[in-house]
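Here are my notes on the model you sent over.

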Amino acid sequence: MLGEFEYLVISAAARLGEDAYGAAIRAEIEKTAGRVCSIGALYTTLDRLEAKNLVTTWMGEATPQRGGRPKRMVSVTKQGAQVAAEFYT
């Protein structure tokens with residue numbers, strides 16, 4: 001069972017596809033849900049979703065725009081997509 005915020009995170013990651021990473025997911029949630037999202041809450045939720053095998057994460061390449069820091073990339077698993085699709089049923 002998903003909580004509402006978990007659903008928002010999975011949905012945002014799915015919409016972003018290959019461009020899904022922490023800051024982009026946060027911006028997508030704020031844009032589409034009109035809800036403020038702290039980066040700490042987002043990463044805590046990503047950890048929880050990964051433990052449930054609903055998303056997978058990995059460290060991407062470091063970029064100059066981020067001061068040489070890598071992005072934590074996110075991909076929704078098949079199970080995650082299924083659970084999200086059943087959220088409102």
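1. Helices here are DSSP runs of H or I with at least four residues, strands are runs of E with at least two, and both are numbered from the N terminus. On that basis the protein chain has 4 helices and 2 strands, and from the N terminus on they come in the order α-α-α-β-β-α.

2. Before going further, bear in mind that this is a predicted model: local features need pLDDT of at least 70, side-chain atom pairs count only at pLDDT 80 or more, and totals for chains, interfaces and linings use all residues. Residues are numbered from 1 along each chain as its sequence is written, and side-chain values use heavy atoms, with hydrogens and water left out.

3. On overall shape, the radius of gyration (taken over C-alpha atoms) is 13 Å, close to the 12 Å that the globule rule (2.2 Å times the number of residues to the power 0.38) gives for 89 residues, so the protein chain is as compact as a globular protein of that length. Along its principal axes, the C-alpha trace spans about 45 × 25 × 20 Å.

4. Of the 89 residues, 36% count as buried, where buried means under 20% relative accessible area, exposed over 50%, and partly exposed in between (1.4 Å probe, protein chains only). Take contacts (heavy atoms within 4.5 Å) between residues at least 6 apart in sequence: 47% of them join residues at least 24 apart.

5. Now the aromatics. Rings of Phe, Tyr and Trp (its six-membered ring) pair if their centres lie within 6.5 Å; planes under 30 degrees apart are stacked, over 60 edge-to-face, and the rest tilted. The structure holds 3 such pairs. One of them is Tyr-7 with Tyr-88: the centres are 5.4 Å apart and the planes at 80 degrees, so this is an edge-to-face pair. Tyr-7 is in helix 1 (residues 4-16) and Tyr-88 in the segment after helix 4 (78-85), so the pair ties together parts 81 residues apart in sequence.

6. Why is the pair of Phe-87 and Tyr-88 edge-to-face? Their ring planes are at 85 degrees, with the centres 4.8 Å apart. Ring pairs link Tyr-7, Phe-87 and Tyr-88 into a cluster. Tyr-7 is buried at 19% relative accessible area, Phe-87 is partly exposed at 23%, and Tyr-88 is exposed at 64%.

7. Last one to look at: the charged end of Lys-71 sits over the ring of Tyr-21, 4.1 Å from its centre. The test is NZ of Lys or CZ of Arg within 6 Å of the ring centre and within 35 degrees of the ring normal.
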